[in-house]
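My entries follow the display.

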Amino acid sequence: MVEAQTWTTRRMSNPRLDSTATADHQLLDIPATPTAEVRNGIYSVGSHLSPNLLTALIIASWFTSNIGVLLLNKYLLSFYGYRYPIFLTMLHMISCACYSYVAINFLEIVPRQHILSRKQFFKIFALSAIFCFSVVCGNTSLRYIPVSFNQAIGATTPFFTAIFAFLITCKKESAEVYCALLPVVFGIVLASNSEPLFNLFGFLVCVGSTAGRALKSVVQGILLTSEAEKLHSMNLLLYMAPMAAMILLPFTLYIEGNVARITLEKAKTDSFIVFLLVGNATVAYLVNLTNFLVTKHTSALTLQVLGNAKAALAAFVSVMIFKNPVTVMGMAGFAVTIMGVVLYSEAKKRSKVTTH
């Protein structure tokens, strides 16, 4: 019988593994087996950061991008003299389409979803049209009213959401929810009456933007209800953004003229406009990306709470930068509106608990 070799005898029979066979008697250094992430060359974003620090950085990025795009839009449209809000919005949409394509197809931040039917395509197209209306109105309003007043009006989104939900879906809220909306409306009336730089057209288009944002959320909940048609927020942006750019193109040509030529001619004498437009369009995409990241790492409720804080912080920062006059009554109206939004959120949570 052949004697079974032990590990020691096998090792000693191999001169390459024999420590005595080497002149310097060195031991072999066998490397550890690499992990799957190392073998595939995949490193997750923030893998070397603690979860709390990563969440804090994401929230800080969310505040920076959301307030940054507001201030950049205001500076471009009101102070720099670039009075083309439709073309600016179209640049935002083109930017979102390009960055979304790279983020989904190359960086793979979320799995790619495809449009499955013509019916789904037209539903997304309808959402894109509402989205265009809301964003163009919001950007246009910044030409005529301060950021602080713009944010006060924007805080009334829950009021319009409740109205559209009732008119379109006949969805009724509890009496507590409707009562919570009263200070939202009262606060904006108070702020409007005491706004030193009040402009009727700017006020109306800002209300239109707020209503459009609320309408989009209601319509999106109706159109994309089936599991097959539901799209991730980043995939929805990937399809909505190019559609929105196509919708805006004829409007900017008809209303604003040959803006592309005007912009190129301005860039020849002032290259800063290129930096402003590219930076503005990039930050516009980062708003959508950080919205997704905040929801992923916290919750949708946290995003809603941050939205209320952002409105107040954006108003404060804009007053510090642009030095627009404010009144005590205007600040009180803004505070009442924000308080009403908080009460509305709490009332909605309680009504959901009771219904379930």
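I took the "transmembrane region" feature from the UniProt record, an unreviewed entry, which places it at residues 53-72, 84-109, 121-142, 148-168, 175-191, 236-255, 271-294 and 328-345. UniProt positions follow the numbering used here, feature names are shortened, and annotations may be inferred rather than shown by experiment. The model is predicted: local features need pLDDT of at least 70 and side-chain atom pairs pLDDT 80 or more, while totals for chains, interfaces and linings use all residues. Residues are numbered from 1 along each chain as its sequence is written, and side-chain values use heavy atoms, without hydrogens and water.

I checked residues 236-255: the span is 100% helix and 0% strand, with its end C-alpha atoms 28 Å apart. Helices are DSSP runs (H or I, at least four residues), numbered from the N terminus. Helix H10 (residues 233-256) bends by about 30° at Leu-248, and Pro-250 follows within four residues. The bend is the angle between axes fitted to the seven residues ending at a residue and the seven starting there.

I then counted 5 salt bridges, each a side-chain nitrogen of Lys or Arg within 4 Å of a carboxyl oxygen of Asp or Glu. Glu-173 pairs with Lys-348 at 2.9 Å between the closest N and O atoms. Glu-173 lies in the loop between helices H7 and H8 and Lys-348 in helix H14, so the pair ties together parts 175 residues apart in sequence. Both Glu-173 and Lys-348 are buried (under 20% relative accessible area; exposed is over 50%, partly exposed in between; 1.4 Å probe, protein chains only).

Technical notes
Helix = DSSP H or I, 4+ residues; strand = E, 2+ residues; numbered from the N terminus.
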